[in-house]
Amino acid sequence: MVPAFFMSIHGGILIKDLRINEEIRANKVRLIDENGNQVGIIDFNQALDMAYDKKLDLVLMSPNAKPPVTRIMDYGKYKYDQEKKEKENKKKQKNAQLKETRFSLNIEDNDLQTKANQSKKFLNNGDKVKVSIRFRGRELGRKEPGYELMDKFKEMLGDSYKVTKNPKMEGRSLVMFLEPNDEKGE
């Protein structure tokens, strides 16, 4: 667990701050030079002098190791690269939303096709879709037409989706959840 004072927020991104130079509290350290070559276990002051001679920073990379692992590097550049990677990863994330398509049991074919087309757009955008059929009054007595209508709706969508939750009654509605096909997106 990293103490709270070792975390800082830059542009909404959480970056772990590492101990550098005089902040390091160890007598002996395992040193890695700026090229990534292991120098060995040396005295902390000697490692710090080597870093200052090269006009770079001594950074504590692994504080829990015995002895702690330090590296000679340009800490400002390292931190900048880490922030850049975090921003890039954040851009690549797609937050899928849940969209809902609702209709009643006595919907006409053209209206059902319009609802199916709209659901296709949602699925193509990477969103999940909740399809629900509302039952009113005496319609609750016979649920089979609702399941048939749900099957017809699935046929209209084609193969642009996969069913994550099969049609099931929830209160007065028949509900089904769909999400985009992974194969189609790649």
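This is a predicted model: local features need pLDDT of at least 70, side-chain atom pairs count only at pLDDT 80 or more; totals for chains, interfaces and linings use all residues.
## Ground rules

Local features here need pLDDT of at least 70 and side-chain atom pairs count only at pLDDT 80 or more, while totals for chains, interfaces and linings use all residues. Residues are numbered from 1 along each chain as its sequence is written, and side-chain values use heavy atoms, with hydrogens and water left out.

## Around strand β3

Let's start with β3 (residues 28-32), which pairs with β4 (residues 38-43) in the antiparallel sense over 5 bridges. Strands are DSSP runs of E, at least two residues, and helices are runs of H or I, at least four, numbered from the N terminus; two strands pair if DSSP finds at least two bridges between them. The β3-β4 hairpin has 5 residues between the strands, and glycine 36 there takes a positive phi near 90°.

β3 also runs parallel to β6 (residues 69-73), joined by 3 bridges. Isoleucine 32 has glutamine 38 as its bridge partner in β4 and stands opposite arginine 71 in β6.

## Threonine 70

Threonine 70 sits in β6. Is it buried or exposed? Threonine 70 is buried, at a relative accessible area of 0% (buried is under 20%, exposed over 50%, partly exposed in between, with a 1.4 Å probe and protein chains only). Beyond four places in sequence, threonine 70 touches residues including Val29, Ile32 and Leu58, where contact means heavy atoms within 4.5 Å.

## Two cores

A nonpolar core is a set of buried Ala, Val, Leu, Ile, Met, Phe, Trp, Tyr and Cys residues joined through side-chain atoms within 4.5 Å. In the largest, with 20 residues, Phe103, Val131, Phe153 and Leu178 touch the most other members. α4 (144-157) is one of the elements giving two or more residues, and α4 gives the most, with 5. A second, separate core of 13 residues includes Ala26 and Phe44.
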